[in-house]
Amino acid sequence: MSNNTVLDRPADPDYIKSNRPFDSELNKVDIKVIKRDGILSEYDSSKIRVAISKAFIDVEGNDSSLSNRLNEIANELTNFITQDISKNWPSNTPISIESIQDKVELALIKHNFAQVHRSYIVYREKHAEERFASKEKMLKPAVFVTLED
(Lines give C-alpha, C1' and ligand atoms only; values in the text may rest on other atoms or scores of the structure.)
Protein backbone atom coordinates (compact mmCIF):
# COMPACT_ATOMS: atom_id res chain seq x y z
CA MET A 1 0.00 0.00 0.00
CA SER A 2 1.17 3.51 -0.61
CA ASN A 3 1.96 5.85 2.26
CA ASN A 4 -1.11 7.97 1.60
CA THR A 5 -3.65 5.49 2.96
CA VAL A 6 -5.10 5.35 6.43
CA LEU A 7 -3.83 1.79 6.78
CA ASP A 8 -0.26 3.01 6.66
CA ARG A 9 -0.80 5.56 9.42
CA PRO A 10 -1.09 4.82 13.14
CA ALA A 11 -4.65 4.60 14.44
CA ASP A 12 -5.75 8.11 15.37
CA PRO A 13 -9.33 8.68 16.53
CA ASP A 14 -9.11 12.34 15.54
CA TYR A 15 -8.01 11.57 11.99
CA ILE A 16 -10.05 13.57 9.48
CA LYS A 17 -11.49 11.65 6.54
CA SER A 18 -9.40 11.89 3.40
CA ASN A 19 -10.59 11.96 -0.20
CA ARG A 20 -10.33 8.15 -0.55
CA PRO A 21 -13.93 6.96 -0.48
CA PHE A 22 -15.05 3.40 -0.95
CA ASP A 23 -14.18 2.63 -4.56
CA SER A 24 -17.21 0.78 -5.89
CA GLU A 25 -15.67 0.46 -9.37
CA LEU A 26 -12.52 -1.07 -7.92
CA ASN A 27 -14.67 -3.49 -5.97
CA LYS A 28 -16.51 -4.84 -8.99
CA VAL A 29 -14.83 -8.12 -9.79
CA ASP A 30 -16.09 -10.92 -11.97
CA ILE A 31 -15.86 -13.64 -9.37
CA LYS A 32 -18.54 -16.00 -8.17
CA VAL A 33 -18.87 -16.74 -4.47
CA ILE A 34 -19.83 -20.14 -3.13
CA LYS A 35 -22.30 -19.52 -0.34
CA ARG A 36 -22.56 -21.92 2.59
CA ASP A 37 -25.59 -23.60 1.04
CA GLY A 38 -23.57 -24.26 -2.14
CA ILE A 39 -25.36 -21.68 -4.26
CA LEU A 40 -23.20 -19.40 -6.42
CA SER A 41 -23.69 -15.65 -6.12
CA GLU A 42 -21.94 -12.52 -7.35
CA TYR A 43 -19.02 -11.15 -5.35
CA ASP A 44 -20.28 -8.25 -3.22
CA SER A 45 -17.51 -6.29 -1.54
CA SER A 46 -20.01 -4.27 0.49
CA LYS A 47 -20.59 -7.38 2.63
CA ILE A 48 -16.87 -7.40 3.49
CA ARG A 49 -17.05 -3.72 4.37
CA VAL A 50 -20.03 -4.30 6.68
CA ALA A 51 -18.31 -7.23 8.45
CA ILE A 52 -15.13 -5.18 8.99
CA SER A 53 -17.17 -2.24 10.29
CA LYS A 54 -19.04 -4.48 12.74
CA ALA A 55 -15.74 -5.85 14.09
CA PHE A 56 -14.41 -2.31 14.61
CA ILE A 57 -17.65 -1.23 16.30
CA ASP A 58 -17.42 -4.25 18.61
CA VAL A 59 -13.93 -3.15 19.68
CA GLU A 60 -14.35 0.62 19.69
CA GLY A 61 -18.00 0.96 20.71
CA ASN A 62 -21.18 2.14 19.00
CA ASP A 63 -20.00 5.74 18.75
CA SER A 64 -17.30 4.57 16.35
CA SER A 65 -19.95 3.70 13.75
CA LEU A 66 -20.14 7.42 12.98
CA SER A 67 -16.37 7.76 12.82
CA ASN A 68 -14.81 8.96 9.60
CA ARG A 69 -11.71 7.03 10.59
CA LEU A 70 -13.63 3.76 10.88
CA ASN A 71 -15.31 4.31 7.52
CA GLU A 72 -12.02 5.07 5.86
CA ILE A 73 -10.30 2.03 7.36
CA ALA A 74 -13.20 -0.24 6.36
CA ASN A 75 -13.04 1.19 2.83
CA GLU A 76 -9.28 0.75 2.57
CA LEU A 77 -9.35 -2.81 3.92
CA THR A 78 -12.21 -3.75 1.60
CA ASN A 79 -10.33 -2.30 -1.38
CA PHE A 80 -7.18 -4.16 -0.29
CA ILE A 81 -9.00 -7.50 0.06
CA THR A 82 -10.85 -7.11 -3.24
CA GLN A 83 -7.63 -6.25 -5.07
CA ASP A 84 -5.96 -9.29 -3.51
CA ILE A 85 -8.78 -11.58 -4.62
CA SER A 86 -8.88 -10.02 -8.07
CA LYS A 87 -5.12 -10.37 -8.60
CA ASN A 88 -4.43 -13.67 -6.85
CA TRP A 89 -7.53 -15.85 -7.08
CA PRO A 90 -7.55 -18.16 -10.13
CA SER A 91 -9.79 -16.79 -12.87
CA ASN A 92 -13.08 -18.56 -13.51
CA THR A 93 -12.81 -20.23 -10.10
CA PRO A 94 -15.47 -19.48 -7.49
CA ILE A 95 -14.28 -18.45 -4.04
CA SER A 96 -15.90 -19.71 -0.85
CA ILE A 97 -17.25 -17.50 1.90
CA GLU A 98 -14.68 -19.09 4.23
CA SER A 99 -11.81 -18.13 1.90
CA ILE A 100 -13.03 -14.55 1.80
CA GLN A 101 -13.29 -14.48 5.59
CA ASP A 102 -9.75 -15.88 5.83
CA LYS A 103 -8.56 -13.02 3.62
CA VAL A 104 -10.32 -10.52 5.90
CA GLU A 105 -8.49 -12.02 8.88
CA LEU A 106 -5.14 -11.83 7.09
CA ALA A 107 -5.76 -8.20 6.11
CA LEU A 108 -6.60 -7.26 9.70
CA ILE A 109 -3.41 -8.92 10.92
CA LYS A 110 -1.26 -7.44 8.15
CA HIS A 111 -2.45 -3.94 9.00
CA ASN A 112 -1.96 -4.40 12.77
CA PHE A 113 -5.60 -4.44 13.88
CA ALA A 114 -5.09 -7.23 16.43
CA GLN A 115 -8.10 -6.44 18.65
CA VAL A 116 -10.39 -6.11 15.65
CA HIS A 117 -8.98 -9.36 14.28
CA ARG A 118 -9.84 -11.11 17.55
CA SER A 119 -13.37 -9.67 17.48
CA TYR A 120 -13.78 -10.88 13.90
CA ILE A 121 -12.64 -14.40 14.86
CA VAL A 122 -15.10 -14.50 17.77
CA TYR A 123 -17.87 -13.30 15.43
CA ARG A 124 -17.04 -16.08 12.94
CA GLU A 125 -16.97 -18.72 15.67
CA LYS A 126 -20.26 -17.55 17.18
CA HIS A 127 -22.02 -17.65 13.83
CA ALA A 128 -20.55 -21.07 13.01
CA GLU A 129 -21.91 -22.39 16.32
CA GLU A 130 -25.32 -20.87 15.57
CA ARG A 131 -25.37 -22.49 12.11
CA PHE A 132 -24.39 -25.83 13.63
CA ALA A 133 -27.09 -25.59 16.32
CA SER A 134 -29.66 -24.65 13.70
CA LYS A 135 -28.71 -27.64 11.52
CA GLU A 136 -28.84 -29.98 14.51
CA LYS A 137 -32.28 -28.69 15.40
CA MET A 138 -33.50 -29.35 11.85
CA LEU A 139 -31.99 -32.85 11.82
CA LYS A 140 -33.57 -34.03 15.07
CA PRO A 141 -36.31 -36.48 14.30
CA ALA A 142 -39.80 -35.62 15.32
CA VAL A 143 -41.20 -37.64 18.18
CA PHE A 144 -44.68 -39.03 17.75
CA VAL A 145 -46.66 -40.36 20.68
CA THR A 146 -49.56 -42.69 20.20
CA LEU A 147 -52.04 -42.80 23.05
CA GLU A 148 -54.17 -45.80 23.68
CA ASP A 149 -57.92 -45.24 23.64
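How many nonpolar, polar and charged residues are in the lining of the largest pocket? One caution before we start: what you see here is a predicted model.

So, the overall layout. The protein chain has 149 residues, and 33% of them are buried.

The lining of the largest pocket has eleven nonpolar, three polar and ten charged residues. The volume of this pocket is about 600 Å³. Its lining has 24 residues, and the ones nearest the centre are Arg 36, Lys 47, Ala 51, Ile 97 and Gln 101. Where does the lining come from? At least two residues each are supplied by β2, α1, α3 and α4. The largest share is from α4, which puts in six residues.

There's a second largest pocket too, with a volume of about 190 Å³. Among the residues lining it are Val 29, Asp 30, Trp 89, Pro 90 and Asn 92. By class, that lining splits into six nonpolar, four polar and two charged residues.

Let's go inside. In soluble globular proteins, nonpolar side chains tend to be buried together. Here, the largest nonpolar core has 23 residues, and those touching the most other members are Tyr 43, Ile 52, Phe 56, Leu 77 and Leu 108. Two or more residues of this core come from each of α1, α2, α3 and α4, with α2 giving the most, six residues.

Which residues does Leu 108 contact, if we leave aside its neighbours within four places in sequence? They are Phe 56, Leu 77, Phe 113, Val 116, His 117 and Tyr 120.

First α1, with 16 residues: from first C-alpha to last, α1 reaches 23 Å, close to the 22 Å you'd expect at 1.5 Å a residue. Its buried residues include Ile 48, Ala 51, Ile 52 and Phe 56. You've met some of those names already: Ala 51 is one of the residues nearest the centre of the largest pocket, while Ile 52 and Phe 56 are in the core. After α1 comes Gly 61, with a positive phi near 95 degrees.

Now α3, residues 97-110. Its 14 residues should span 20 Å at 1.5 Å a residue, and the end C-alpha atoms are 20 Å apart, so expectation and model agree. Buried residues in α3 include Ile 100, Gln 101, Val 104 and Leu 108. And α3 is followed by Asn 112, which has a positive phi near 60 degrees.

That brings me to a pair of asparagines. Asn 112 has that positive phi although it isn't a glycine, and it is in the loop between α3 and α4. Asn 92 also has a positive phi, near 60 degrees, in a residue other than glycine; Asn 92 is in the loop between α2 and β3.

Are these two buried or exposed? The cut-off for exposed is over 50% relative accessible area. Asn 92 has 80%, so Asn 92 is exposed. Asn 112 has 69% relative accessibility, so Asn 112 counts as exposed as well.

Technical notes
Residues numbered from 1 in each chain as written. Predicted model: local features only at pLDDT ≥ 70, side-chain atom pairs only at ≥ 80, totals over all residues. Heavy atoms only, no water. Helix = DSSP H or I, 4+ residues; strand = E, 2+ residues; numbered from the N terminus. Expected span 1.5 Å × (residues − 1). Buried < 20%, exposed > 50% of the residue type's maximum accessible area, 1.4 Å probe, protein only. 1 Å grid on protein atoms, 1.4 Å probe; cavity = no way out; pocket = protein on both sides within 12 Å on 5 of 7 lines; lining within 4 Å. Points joined across faces, edges and corners; volume = space filled by probe spheres on them. Nonpolar A, V, L, I, M, F, W, Y, C, P; charged D, E, K, R; others polar. Core = buried A, V, L, I, M, F, W, Y, C linked by side-chain atoms within 4.5 Å. Contact = heavy atoms within 4.5 Å.
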